[in-house]
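Visitor: I would like to go through this model and ask what stands behind the labels.
Guide: Gladly. Here it is.

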Amino acid sequence: MSASDAGTATAIVAAGDEETRVLLRGLLRLHHFRVEGEAEGATHALELVRDRHPSLLVADVNLAEGSPTTLVAEARAIRPGLRVILVAPASRPPSTAADPEQRPDVVLLRPFRIHQFAEALLPRSGGGGLARPC
């Protein structure tokens, strides 16, 4: 997916670790997304979703505050149709929420390759996809 494919492809990055935010921001820019903001925790990420109206939220499971499940559900309540990619360690993949509104569109397991990140950006039918590391 590129910015020309999606009109104005914008994203918010949420991760408790600065290095993770830098990595995710760089990968998004590589794939022609405009990163509208970054947050360490769920509260700030939700403020950014509310204020910036992104098309994509990329969140790491390790947030400075808040839970990834709550972040997904509340972000979708603010912005229905928001695409969400959740990044998690392969050693501890998150459990799948029963409610589709609390499930990310893709769970991308670390470590991942750049092509897996690119595939995670592509829209999928059904949601809840899992991208496993190579």
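Guide: Start with helix 3, residues 68-78, where P68, L71, V72, A75 and R76 are buried. Keep in mind that this is a predicted model.

Visitor: What do the buried residues of helix 3 pack against?
Guide: Strand 1 (10-14), helix 2 (42-52), strand 3 (56-60) and strand 4 (83-89).

Visitor: Why is helix 1 called roughly perpendicular to helix 4?
Guide: The axes of helix 1 (residues 18-30) and helix 4 (residues 114-121) cross at roughly 70 degrees. Angles of 65 to 115 degrees count as roughly perpendicular, so helix 1 is roughly perpendicular to helix 4. The axes come within 11 Å, and the crossing is right-handed.

Visitor: Which residues make that contact?
Guide: L24, L27, L28 and L30 of helix 1, with I114, F117 and L121 of helix 4. The contact residues divide into seven nonpolar, no polar and no charged.

Visitor: Why is H53 called partly exposed?
Guide: H53 has a relative accessible area of 49%. Buried means under 20% and exposed means over 50%, so H53 is partly exposed. H53 is in the loop between helix 2 and strand 3. H53 has a positive phi of about 55 degrees, although it is not a glycine.

Visitor: What is the omega of the cis peptide bond from R110 to P111?
Guide: Omega is near -5 degrees. P111 lies in the loop between strand 5 (106-110) and helix 4.

Terms used. Residues are numbered from 1 along each chain as its sequence is written. This is a predicted model: local features need pLDDT of at least 70, side-chain atom pairs count only at pLDDT 80 or more; totals for chains, interfaces and linings use all residues. Side-chain values use heavy atoms; hydrogens and water are left out. Axes are lines fitted to C-alpha atoms, for helices over the stretch in contact, and angles run from 0 to 180 degrees between N-to-C directions. Helices (H or I, at least four residues) and strands (E, at least two) are DSSP runs, numbered from the N terminus. Angles under 35 degrees count as roughly parallel, over 145 as roughly antiparallel, 65 to 115 as roughly perpendicular and the rest as oblique. A crossing is left-handed if the near helix is turned anticlockwise from the far one by less than a right angle, and right-handed if clockwise. Contact means heavy atoms within 4.5 Å. Ala, Val, Leu, Ile, Met, Phe, Trp, Tyr, Cys and Pro count as nonpolar, Asp, Glu, Lys and Arg as charged, and the others, Gly among them, as polar. Buried means under 20% relative accessible area, exposed over 50%, partly exposed in between (1.4 Å probe, protein chains only).
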